[in-house]
Amino acid sequence: MSEVRYPIFDIKRYSINDGPGIRITFFFKGCPLSCVWCHNPEGISRSQTRMYTVSKCILCGACVQFCPAHALKAVRGRGVLCDRDLCTLCGKCAEVCPTKAVEMASKTYTAEQVYAEIAKERPFFTTSDGGVTFSGGEPLYQGDLLIQLLDYIGQAAEKDGYRLHRTVDTTLFANQELVREVSHRCELFLVDIKMMDSDRHRKFCGVPNDIILENIRMVASEGAAGYLVRIPLIEGINADTENIEATASFLASLDRLPKYVELLPYHDIGKNKHSRMGTQYNKNNVPMAVPSEKTIEDALGIFKNYGVPAKV
Ligand code: SF4
Ligand code: SF4
Ligand code: SF4
């Protein structure tokens, strides 16, 4: 087991928004979607991602000197620029940077190391009915790895005398058999629904949504794991009445309702991350805005009318 390594780009402790209770959340690298508003763009690529924060850079020149690919150049007033065609993502610049102005987004962990991080948080799980959440990126993108890890940590917790609550935060854009396998190894899915129209889903997220909706239907009917639904609510993308009606109607038609629907009003946190990655946020200038209080209230009212519990 110890030779398998899991690419993780962030670990969030004391998380209270990623499932019940107090949780530790691991963010898996790699996602097959490309949502224009993505708040974790450093998690999309499966390979390593280099991040540079110009405000932390003291222009010491160490990274330029040690870069084996000669990809870096200090430019007055702009910091250190990276030629991404030359950069091999070797990480040497991050190793020598004294201020953490350069960081490589992901690290790899063995299953034992992941469980060791989980075990540190155990006192919080027992007092709050919390546990571990795997998010991303898309944790099902490397489904075999996820299955092995869910098995390993479940068994390790059992050996330590407790039952670990495992949540998977996912788009469910994955093979149906994989979703079924994962559903038998976790207690809860946090499922994203971005929008109901498949063409718009393809336009704004890079893939159609048919597989996602089929998988939600399956999770609801088979009932191996609980599920709740999260919707990033974005004016200009999916906050219109037609889409909210279609979402509520779809959920109401399932064999089992989600525990609840959570609306997550738009924010543009991804903008700063794109700038640190040297890439452009929303490069096609899709109009996106924070939904008004009225839009949010209207959306909650629609879910209520369909008998689907919802909150912000
Ligand atoms: S599914 Fe999530 S991680 Fe993947 S591109 Fe969309 S917002 Fe980003
Ligand atoms: S990651 Fe490696 S190749 Fe890329 S800029 Fe840094 S040192 Fe150079
Ligand atoms: S090593 Fe770090 S602080 Fe020094 S120039 Fe490079 S990015 Fe800036």
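## Ligand surroundings

A residue is near a molecule if its C-beta atom, placed from the backbone, lies within 6 Å of it. Ala, Val, Leu, Ile, Met, Phe, Trp, Tyr, Cys and Pro count as nonpolar, Asp, Glu, Lys and Arg as charged, and the others, including Gly, as polar. Please keep in mind that this is a predicted model, in which local features need pLDDT of at least 70 and side-chain atom pairs count only at pLDDT 80 or more, while totals for chains, interfaces and linings use all residues. Residues are numbered from 1 along each chain as its sequence is written, and chains are lettered from A and ligands numbered from 1 in the order in which they are written.

Around ligand 1 you will find Cys-31, Cys-35 and Cys-38, among others, together with Gly-136, Gly-137, Glu-138 and Thr-171. This shell splits into 5 nonpolar, 6 polar and 1 charged. Ligand 2 has 13 residues around it, and those that come nearest are Cys-67, Cys-87, Cys-90, Lys-92 and Cys-93; by class, the shell holds 9 nonpolar, 2 polar and 2 charged residues. Ligand 3 also has 13 residues around it, with Cys-57, Cys-60, Cys-63, Cys-97 and Ala-101 nearest. Its shell has 11 nonpolar and 2 polar residues, and no charged ones.

Helices (H or I, at least four residues) and strands (E, at least two) are DSSP runs, numbered from the N terminus. Strand β8 (residues 131–136) has 6 of its 6 residues buried, where buried means that 20 or more other C-beta atoms lie within 10 Å of a residue's own, all placed from the backbone.

Two strands pair if DSSP finds at least two bridges between them. β8 pairs in the parallel sense with strand β2 (residues 23–28) over 6 bridges, and Ile-24 sits opposite Val-132. Strand β9 (residues 165–170) also runs parallel to β8, joined by 4 bridges, with Phe-134 and Val-168 as bridge partners.

## Nonpolar cores

A nonpolar core is a set of buried Ala, Val, Leu, Ile, Met, Phe, Trp, Tyr and Cys residues joined through C-beta atoms within 7 Å. The largest has 62 residues, of which Val-114, Ile-153, Phe-189, Val-191 and Val-261 touch the most other members. Helix α5 (residues 143–159) gives this core its largest share, 5 residues. A second, separate core of 11 residues includes Cys-63, Leu-72, Ala-101 and Val-102.

Note on methods
A residue is buried if 20 or more other C-beta atoms lie within 10 Å of its own, exposed if 12 or fewer, and partly exposed in between; C-beta atoms are placed from the backbone.
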